[in-house]
2 protein chains.
Amino acid sequence: MSPETLGTPPTIADVARLAGVSKGAVSLALNDKPGVSEETRRRVKQVAEQLNWRPSIHARAMLRSRAFAVGLVLARDPRQLAVDPFFAGFLGGVESVLNGSGLVLVLQVVGEDADKEADSYRRLVRERRIDGAFLLDIRHEDQRPALLPALGLPAVAVGPAGMDCGRVPVVGIRDGDGIAAAVGHLVELGHRKIAFVEGAPAYRHSTSRLDAWRQAMRAHGLSADLHDAGHFTGQGGAAATRRLLRRRPTAIIYASDLMAIAGVSVAREAGLDVPRDLSVTGFDDNPEAAHLHPPLTTVRQDPVAVGAVAAELLLAQIDGRQATPESPAPQLIVRASTATPLPMR
Amino acid sequence: MSPETLGTPPTIADVARLAGVSKGAVSLALNDKPGVSEETRRRVKQVAEQLNWRPSIHARAMLRSRAFAVGLVLARDPRQLAVDPFFAGFLGGVESVLNGSGLVLVLQVVGEDADKEADSYRRLVRERRIDGAFLLDIRHEDQRPALLPALGLPAVAVGPAGMDCGRVPVVGIRDGDGIAAAVGHLVELGHRKIAFVEGAPAYRHSTSRLDAWRQAMRAHGLSADLHDAGHFTGQGGAAATRRLLRRRPTAIIYASDLMAIAGVSVAREAGLDVPRDLSVTGFDDNPEAAHLHPPLTTVRQDPVAVGAVAAELLLAQIDGRQATPESPAPQLIVRASTATPLPMR
DNA sequence: CTGAAAGCGCTAACAA
DNA sequence: TTGTTAGCGCTTTCAG
């Protein structure tokens, strides 16, 4: 085991002294810039390695006026973070590309307060803490797509494909395709009264799913009037299901697995068997989904891929490169919560 | 709306010029240090406000050799991040105390690779990116409790109460109490053959729960031989349940809700009704738990509180203050997946 | 090819 | 009470 540096970490001066060269030479040698002999470069690199030296990010940041970090601000109740498997996967995807880049992720979780959220971005920029930012959970009234360009901060938004974010490029989540696939699947099974439980209407990714349902229903010549909002919570999903059940749908599409799970419970309490009396589909493919009773038919996104794409796009933007990556299509995972409807009800 | 700073953010020199004083005076004025007149201080502050100026974190970092950031490295498969509601809540708690402190959270997700994990901490330290770190998911063979002190990095570990982490202070999760409560609850209902499905034995918080179950069983005069490992996954929980069911327990305690959910499905497929034929308890109180059928009896931790406590402790350590905060006790949430066992089986 | 020196934005220890 | 100055650790000139 190499001797870990205790106390003050080594500086470039230490490396220079031990290698018997000047600080400038060390810099050139380690950044693979011309101006030093191969012999010197080798020796310098070896000493640096041996000292376990890495340039101070702050010194570099001052010179290049770069922070070597990107930011992600989340305006959510911390307790609500857990309900969303998308976020965790997204983080993982982001990290997978950041890891090789020398940049680091700065995360802030502020409450559900749009002003705090904006202030958080402002502070990160003014303190020069980040070189770019991710925009998640885009709302209909959202100041961020205007704010970040005004701050001169490169940014990438994540939201439904086709979403308009002004000058901020968007990594499009094709969740509409997922909803359409769910509708198609149910129609094929013979369903015609297919209800929809929306998430929280303030969010773009909520209304976009509702719109996709409407559009798909109409495309199949079905009326799109059976819908209600469940706000992405278990409580909300249960309540929406209770209201919807009175109008006797044969299937319900939920905008999240959590709401679908709550819906299944409500249906069962009402004496309905899933899928015999009611077909149910979810959205997200939570880890639980495959292990429920019955296993939940749901739409699987690939949040890890989305995160990776978003990070690529942001890095490209920061470096002034061009890039327009594609985001993967969602996938309908057919399990046992959907079936042919009973012929008569 | 104030004019957002576009292009180069203002520096202390701009503030000084506009206020008609020297840079030094600005620094004193804004840090509320003596050495400037009230009159000057007021004017400087006003100009700074107007310019929307904040000191560059990097310049400050160089002088004080502080990064004004703390780190969290997670060695997990990104896809596995989502299975753990504890993590999300923890993050929220950490942020809630960081928000007021001027420090920021740097997050890294590396794969399940202990060496990458250690390198990640090393790099963060050598680049002076962080002033302290959180240690999560402590394993039995874990190099971090030795590494971080050796690196001179303040750290706080989160794990089962009583866990030994050498020189790294521990925020104790009293999950053992939660397991004991579950055992107590089941015993009170009349169960005697109570099985346990462990998580992943490599983790301290996994074996500590197993130990707690063993201890509680013995304290009630029951034998503690019905247990198996489910590795915190749905698949694993299902497999463990299948094996355990052959030995006819009347109740199973799971070390996570996800495993419990999978276990309920397996039981049902085996023709067992929960809770009539088999009582089941989980751990974590996932958002889904209350909305399952039947609603899941489970142990609720308060990850937000744990995160807040850990952050307080870390900040105190960084500032050289003393602090030994308490972490909250877990709570058994009794729902409908537990009941009196059938008199005969 | 190498070394010395300037300077990034700030704070702290100085003189004035 | 002020203004000036010397660095923090690094990169990037510019001379040698």
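## Chain A, chain B and DNA strand C

A phosphate oxygen of DNA strand C is placed 2.9 Å from an N or O atom in the side chain of A:Thr40, a polar contact in the sense used here, namely a pair of N or O atoms within 3.5 Å, where within protein one must be able to donate a hydrogen and the other to accept it, and residues adjacent in sequence count only if both atoms are side-chain atoms. This is a predicted model, in which local features need pLDDT of at least 70 and side-chain atom pairs count only at pLDDT 80 or more, while totals for chains, interfaces and linings use all residues. Residues are numbered from 1 along each chain as its sequence is written, chains are lettered from A and ligands numbered from 1 in the order in which they are written, and side-chain values use heavy atoms, with hydrogens and water left out.

Of the atoms of DNA strand C that come within 4 Å of the protein, 61% belong to sugar and phosphate. At least two residues of this surface come from each of helix H4 (57-64) of chain A, helix H2 (23-30) of chain B and helix H4 (57-64) of chain B, where helices (H or I, at least four residues) and strands (E, at least two) are DSSP runs numbered from the N terminus.

## DNA strand D

A polar side-chain atom of A:Lys23 lies 2.8 Å from a base nitrogen of DNA strand D. Phosphate oxygens of DNA strand D lie 3.3 Å from a polar side-chain atom of A:Arg60 and 3.3 Å from one of B:Thr40. Two or more residues of the surface near DNA strand D come from each of helix H2 (23-30) and H4 of chain A and from H4 of chain B.

By class, the surface near DNA strand D divides into nine nonpolar, ten polar and four charged residues, and the surface near DNA strand C into nine nonpolar, nine polar and four charged. In this scheme Ala, Val, Leu, Ile, Met, Phe, Trp, Tyr, Cys and Pro count as nonpolar, Asp, Glu, Lys and Arg as charged, and the others, Gly among them, as polar.

## The interface of chains A and B

The contact (heavy atoms within 4.5 Å) takes 68 residues from chain A and 68 residues from chain B. Between them the two chains bury about 6,200 Å², with 57% of it on carbon and sulfur atoms; buried area is the accessible area (1.4 Å probe) that two parts lose on being put together, summed over both. A:His58, A:Arg128 and A:His291 supply 12% of the area that chain A buries against chain B, more than any other three residues.

Across this interface there are 31 residue pairs in polar contact, both residues being at pLDDT 80 or more. On the side of chain A that touches chain B, strand E2 (104-110) is among the elements that give two or more residues, and E2(A) gives the most, with seven. E2(A) and strand E2 (residues 104-110) of chain B run antiparallel and are joined by three bridges, two strands being paired if DSSP finds at least two bridges between them. Within this pairing, B:Leu105 is the bridge partner of A:Leu107.

## Salt bridges

A salt bridge is a side-chain nitrogen of Lys or Arg within 4 Å of a carboxyl oxygen of Asp or Glu, and the count between chain A and chain B is two. In one salt bridge, the side chains of B:Glu127 and A:Arg54 meet at 3.0 Å, N to O.

Over all chains the count comes to 51 salt bridges. Among them is the pair of A:Asp228 and A:Arg243, whose closest N and O atoms are 2.7 Å apart. Because A:Asp228 lies in strand E7 (residues 227-229) of chain A and A:Arg243 in helix H11 of chain A, the pair ties together parts that are 15 residues apart in sequence.

## Backbone exceptions

Most residues other than glycine have a negative phi, and most peptide bonds are trans. A:Arg128, in the loop between H7 and strand E3 (132-135) of chain A, has a positive phi of about 60 degrees although it is not a glycine. The peptide bond from A:His293 to A:Pro294 is cis, with omega near 0 degrees, and the peptide bond from B:Val274 to B:Pro275 is cis, with omega near 15 degrees.

Key:
Near = heavy atom within 4 Å.
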